[in-house]
Amino acid sequence: MPKITYKDFRGDTKTIEVENGLTVMEGAIQNEIPGIDADCGGSMACATCHIYVDEKWLNKIPKAEEAEEDMIDMAFEPKKNSRLSCQIIVNDELDGLEVTTPEKQT
Amino acid sequence: MKKTDVIIIGAGPIGLFAVHQLGIKGLKAVVIDNLDKAGGQCIELYPDKPIYDIPAVPECTGEQLTTRLLEQIKPFKTELFLNERVDEVDKERDNWVVKTNNKKEFIAPNIIIAGGVGSFEPRKLSLKELEKFEGKSVFYAVRNKEHFKNKKISIFGGGDSALDWALELSKFSKITLIHRRNEFRGAQHTLSELRKLEKEGKVSIKTQCQIEAFDNEKELKSITIKFEDGKKEKILTDVILGFFGLIMKLGPIAEWGLNMDKKTIEVNPKNFETNKKGIFAAGDICSYPGKLKLILSGFHEVALASVECFKRARPNEKYKFEFTTSSKTIQNRLGKK
Ligand SMILES: Cc1cc2nc3c(=O)[nH]c(=O)nc-3n(C[C@H](O)[C@H](O)[C@H](O)COP(=O)(O)OP(=O)(O)OC[C@H]3O[C@@H](n4cnc5c(N)ncnc54)[C@H](O)[C@@H]3O)c2cc1C
Ligand code: FES
């Protein structure tokens, strides 16, 4: 199973194995990783699953659709490497992915 | 103080259907919601998206579902109190007293909390220190246009609210529209009008930048924005308007002494009562083994909760199970002959 590393804003990291087909958000929720709220349950309507993707991984993930970018506008402190973790689906190619959770979601 | 049989907190689909289930049992209710309209997530987050899993309704949008629910509960003439956030819940002998942020008070033997993921509130700018200016020079909605005349206004956001207000307020104020990326998601014709005004020097538009600081004095005088390339710019500003949409905040619900599991309220799945007698929770806000956050589950939950509400509101009457197709009493309550 691909390993995903979640880093919080202080720099503490947790690496977990996430099943292929789950989203980076689901991986976090199922493993009680703090820092991701996911209030809308992955329907791209809340932006509380906002994360920053490690720069070297940005190009390996399918680009955000326009609707995702629109939602990121509403996230707390969006940056260039902002994504919604409910829109990133885990597969073998993402083994080793590193994401950082923002200081807070709202 | 208004007295009723059941106070419903939340006018989402579940709060609205609760009115129906209580109404056919002859119970009176009031509904309170922080939003300016009924419908909860359906109206606020996905009014135009189709829902496919409402039993016997193959397809309807969030807005249609809300309209139909409102129509279904019309016969009960229930009062909806909108723009009111329930802040306090206190016990008074066998009753519960509910207070809102605007100091409205209600009393009833029962409360049904159908609060979803919490009340919808505007998302705020990330600089926490700006809080002290809220309501004075920092706003997240325009209630009265008069307050925004002859000002230097910095408007943040890329959606319709930001564009519409930039255009409207540019008639009598100096506007700077600030957005974190180049693309605006608001209506393109509004944007082209703004671009025209920009060329004429009447509006200024800054993109790929965010607020970084403000001059932290008694009054707001200017803000500093930072561009993606690291450049900074100071903008004279005496009013900030932020339009970042709404966020659901659990808010006051967490402080009412109810047993919580993360952001949800634990209930007994027999009658959806919480750990406090007479306080029920249904819809997305409740949790019990196997809970699914679906509209149809919420409908079932309020049906059961309404039976227990009846027993508490009418202790001297016996609850009688009835079908709407065959009960004359129910049909009368629905205004059918
Ligand atoms: C994009 C999207 C698509 C969805 N699609 C489906 C689908 O296809 N099928 C399905 O079954 N479900 C779907 N859902 C889920 C469904 O919308 C929710 O299950 C449903 O809205 C829950 O209803 P509710 O009445 O419990 O809460 P909500 O709809 O969240 O309403 C709660 C209301 O309570 C108010 N409130 C909360 N606290 C307070 C307070 N203290 N004072 C005053 N008011 C308060 C809020 O302002 C809000 O209006 C979807 C959700 C989303 C986001
Ligand atoms: S979980 Fe709500 S947008 Fe991702």
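This is a predicted model: local features need pLDDT of at least 70, side-chain atom pairs count only at pLDDT 80 or more; totals for chains, interfaces and linings use all residues.
1. Thr5(A) has Thr15(A) as its bridge partner, the latter lying in β2(A).

2. The chain A sheet. β1(A) and β2(A) are part of an open sheet of 5 strands in chain A, with the order β2-β1-β5-β3-β4 and mixed pairing. Its edges are β2 (13–17) and β4 (82–84) of chain A, each of which pairs on one side only. From one strand to the next, the twist averages 35°.

3. The chain B sheet. Chain B has an open sheet of 3 strands, ordered β16-β17-β18 and paired antiparallel. Here the edge positions are taken by β16 (209–214) and β18 (232–236) of chain B, which each pair on one side only. Neighbouring strands in this sheet are turned against each other by 35° on average, with direction ignored.

4. Pairing inside the chain B sheet. β16(B) pairs with strand β17 (residues 222–227) of chain B in the antiparallel sense, over 5 bridges. As a residue-level reference for this pairing, Gln210(B) has Lys226(B), in β17(B), as its bridge partner.

5. Extent of the interface. Chain A brings 20 residues into contact with 18 residues of chain B. About 1,700 Å² is buried between the two chains, and carbon and sulfur atoms give 46% of that area. On the chain A side, Asp39(A), Asp73(A) and Met74(A) supply 37% of the area that chain A buries against chain B, more than any other three residues.

6. Charges across the interface. Between chain A and chain B there are 8 salt bridges. One of the residues named in the previous point, Asp73(A), meets Arg181(B) through their side chains in a salt bridge, at 2.9 Å from N to O. Sorted by class, the side of chain A that touches chain B holds 9 charged, 8 nonpolar and 3 polar residues.

7. Polar contacts. The interface of chain A and chain B also has 11 residue pairs in polar contact, counting pairs with both residues at pLDDT 80 or more.

Technical notes
Residues are numbered from 1 along each chain as its sequence is written. Chains are lettered from A and ligands numbered from 1 in the order in which they are written. Side-chain values use heavy atoms; hydrogens and water are left out. Contact means heavy atoms within 4.5 Å. Buried area is the accessible area (1.4 Å probe) that two parts lose on being put together, summed over both. A salt bridge is a side-chain nitrogen of Lys or Arg within 4 Å of a carboxyl oxygen of Asp or Glu. A polar contact is a pair of N or O atoms within 3.5 Å; within protein, one must be able to donate a hydrogen and the other to accept it, and residues adjacent in sequence count only if both atoms are side-chain atoms. Ala, Val, Leu, Ile, Met, Phe, Trp, Tyr, Cys and Pro count as nonpolar, Asp, Glu, Lys and Arg as charged, and the others, Gly among them, as polar. Two strands pair if DSSP finds at least two bridges between them. Helices (H or I, at least four residues) and strands (E, at least two) are DSSP runs, numbered from the N terminus. Axes are lines fitted to C-alpha atoms, for helices over the stretch in contact, and angles run from 0 to 180 degrees between N-to-C directions.
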